[in-house]
Amino acid sequence: MMTQRYVVIWLGLVLFLVILTACEHDTEVAESTEALEPVMDKGNNPNDSADDTIKIGFSMDTLEEERWLKDRELFKEELEALGAEVEIMVANENASVQISQAETLISSGIDLLVVVPYNTETAAAIVEKAHLAGIKVLSYDRIIKNANIDLYVSFDNEMVGELQAEAIKQLVPTGNYVYIGGPVTDNNAILVKKGVFHVLKPSIDRGEITVVYDQWTEDWNPDNAYKNMLAALEANDNQVDAVIAANDATAGGAIRALAEKGLAGIPVAGQDADLAAAQRIVKGTQTMTAYKPIRALAQRAAELAVKLASGETIDTDNKINNGKIEVPSVLLAPIEVNQHNIDQTIIADGFHTRTEVYGD
């Protein structure tokens with residue numbers, strides 16, 4: 001009997017030790033699980049920060065003109081300062097290439113697509129493709145026509161034309177005018193022309209001003225503008241009193257043709273404040289340029305792009321009809337630059353240095 005009692009006691013002790021060991025193991029597991037749970041709740045996954053970064057796709061028409069090099073660098077700089085990533089693709093003035101590049105950007109996982117359209121009509125396909133992927137589109141500088149774009153950020157391009165016409169009309173209130181436009185495929189060129197003729201129309205109606213030549217310039221190409229200006233001079237026996245060109249590149253082409261005919265110094269207007277144009281203004285071969293502070297445009301567009309990509313609603317004071325909808329629009333004001341204020345405008349802003357403009 002005594003032996004059986006010892007056996008029972010021994011078995012009881014063994015069972016107690018087994019239960020105690022199991023409890024200690026469960027406690028360790030629970031403590032280990034509790035230690036892991038806060039890490040997961042805090043989202044300390046090394047990939048989380050990358051996933052939260054806003055990604056912007058920037059589809060550009062060209063880098064051929066001086067101003068677009070500035071737009072690319074400034075827009076990228078402003079977006080990165082806001083903590084966003086940006087991927088930039090340039091179509092080199094090819095509508096089908098731009099559509100293909102936009103598709104690549106859309107499929108890369110961007111949160112928003114920003115487009116400077118080469119062809120403002122065919123770029124509507126880009127908007128449709130982006131929206132099908134759930135991506136909003138911001139139209140930069142040029143409005144995309146006949147599309148449901150979400151936001152348009154630019155300068156007031158009609159005002160550009162008005163500034164040009166008012167400056168030239170003050171110098172040449174009567175006479176023969178030549179208008180060298182931009183490409184008809186660029187809606188900005190259409191808007192600039194609209195502003196020019198809005199100012200000139202009363203004088204045209206009174207017979208004070210005669211527009212003796214009016215032609216679009218394909219691709220904003222200076223050589224094409226040069227040919228247009230030569231044709232204008234030939235058609236009018238060199239009897240031309242003033243030239244309004246849609247931008248500084250086309251103004252440069254026109255001025256080259258004028259110089260060849262011994263007519264350098266005839267009032268010529270342009271836009272964009274290109275360095276060559278600023279130098280011509282100092283020399284007196286170009287009268288004025290419409291300066292569009294690109295840093296202000298890049299900064300505003302970057303701010304709005306990040307907000308739009310984050311799902312914020314953008315309230316605007318302006319709406320512009322693009323042939324399909326009234327597009328919410330943010331428009332900045334251009335500035336006239338001439339010999340009298342060049343130091344206080346583009347040089348003071350650091351757009352060009354004094355040495356660049358005036359030389360040594």
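## Salt bridges

Asp61, Arg142 and Asp186 are joined to one another in a network of salt bridges. The model is a predicted one, and its salt bridges number 18. Side chains of opposite charge can pair when their charged atoms come close.

Lysine 201 and aspartate 205 form one of these pairs, with their closest N and O atoms 2.7 Å apart. Both belong to helix 7 (residues 187–205), and because they are 4 residues apart there, about one helical turn separates them. Lysine 201 is partly exposed, since its relative accessibility is 47%. Aspartate 205 reaches 55% relative accessibility and therefore counts as exposed. Another salt bridge joins arginine 206 and glutamate 208, where the closest N and O atoms are 3.0 Å apart. Arginine 206 is exposed at 54% relative accessibility, and glutamate 208 is partly exposed at 30%.

A further salt bridge brings together the side chains of arginine 354 and aspartate 343, at 2.9 Å from N to O. This pair links distant parts of the chain, 11 residues apart: arginine 354 lies in helix 13 (residues 354–358) and aspartate 343 in helix 12 (residues 343–347). Arginine 354 has a relative accessible area of 46% and is partly exposed. Aspartate 343, with 27% relative accessibility, is also classed as partly exposed.

## Overall make-up

The protein contains 13 helices and 13 strands. Of its 360 residues, 46% are buried. When contacts between residues at least 6 apart in sequence are considered, 71% of them join residues at least 24 apart.

In soluble globular proteins, nonpolar side chains tend to be buried together. The largest nonpolar core here has 41 residues, and the members that touch the most others are Ile56, Phe75, Leu79, Val114, Tyr140 and Ile346. Helix 11 (residues 294–309) supplies the largest share of this core, with 9 residues.

Isoleucine 56 illustrates the surroundings of one such member. With neighbours within four places in sequence set aside, its contacts are Leu79, Ala84, Glu85, Val86, Glu87, Ile110, Leu112, Val114, Ala305 and Ala309.

## Helix 6

Helix 6 (residues 157–171) has 15 residues, so at 1.5 Å a residue it should span 21 Å; the distance between its end C-alpha atoms is 22 Å, in agreement with that value. Its buried residues are Asn157, Val160, Gly161, Leu163, Gln164, Ala165, Ala167 and Ile168.

The N-terminal end of helix 6 is capped by aspartate 156, which places a side-chain oxygen 3.3 Å from the backbone nitrogen of glutamate 158.

## Helix 8

Helix 8 (residues 222–235) is built from 14 residues, and the 20 Å between its first and last C-alpha atoms is close to the 20 Å expected at 1.5 Å a residue. Ala225, Tyr226, Asn228, Met229, Ala232 and Leu233 are buried in this helix. They lie on the same side of helix 8 because they cover an arc of only 165° around the axis. On the other side of the helix, Lys227, Glu234 and Ala235 are exposed. The packing partners of the buried residues are strand 6 (175–180), strand 7 (209–215), strand 8 (242–245) and helix 9 (248–260).

Asparagine 221 provides the N-terminal cap of helix 8, with a side-chain oxygen 2.7 Å from the backbone nitrogen of aspartate 223. Just after the helix, aspartate 237 adopts a positive phi of about 50°.

## Threonine 316

Threonine 316 is located in the loop between helix 11 and strand 11 (318–321). A polar atom of the threonine 316 side chain lies 2.9 Å from the backbone oxygen of asparagine 318. The threonine 316 side chain also reaches the backbone nitrogen of serine 329, at 3.4 Å.

Apart from neighbours within four places in sequence, threonine 316 is in contact with Leu151, Pro328, Ser329 and Val330.

Conventions. Residues numbered from 1 in each chain as written. Predicted model: local features only at pLDDT ≥ 70, side-chain atom pairs only at ≥ 80, totals over all residues. Heavy atoms only, no water. Helix = DSSP H or I, 4+ residues; strand = E, 2+ residues; numbered from the N terminus. Expected span 1.5 Å × (residues − 1). Buried < 20%, exposed > 50% of the residue type's maximum accessible area, 1.4 Å probe, protein only. Arc of directions from axis to C-beta. Contact = heavy atoms within 4.5 Å. Polar contact = N/O pair within 3.5 Å; in protein donor to acceptor, adjacent residues only side chain to side chain. Salt bridge = Lys/Arg side-chain N within 4 Å of Asp/Glu carboxyl O. Core = buried A, V, L, I, M, F, W, Y, C linked by side-chain atoms within 4.5 Å.
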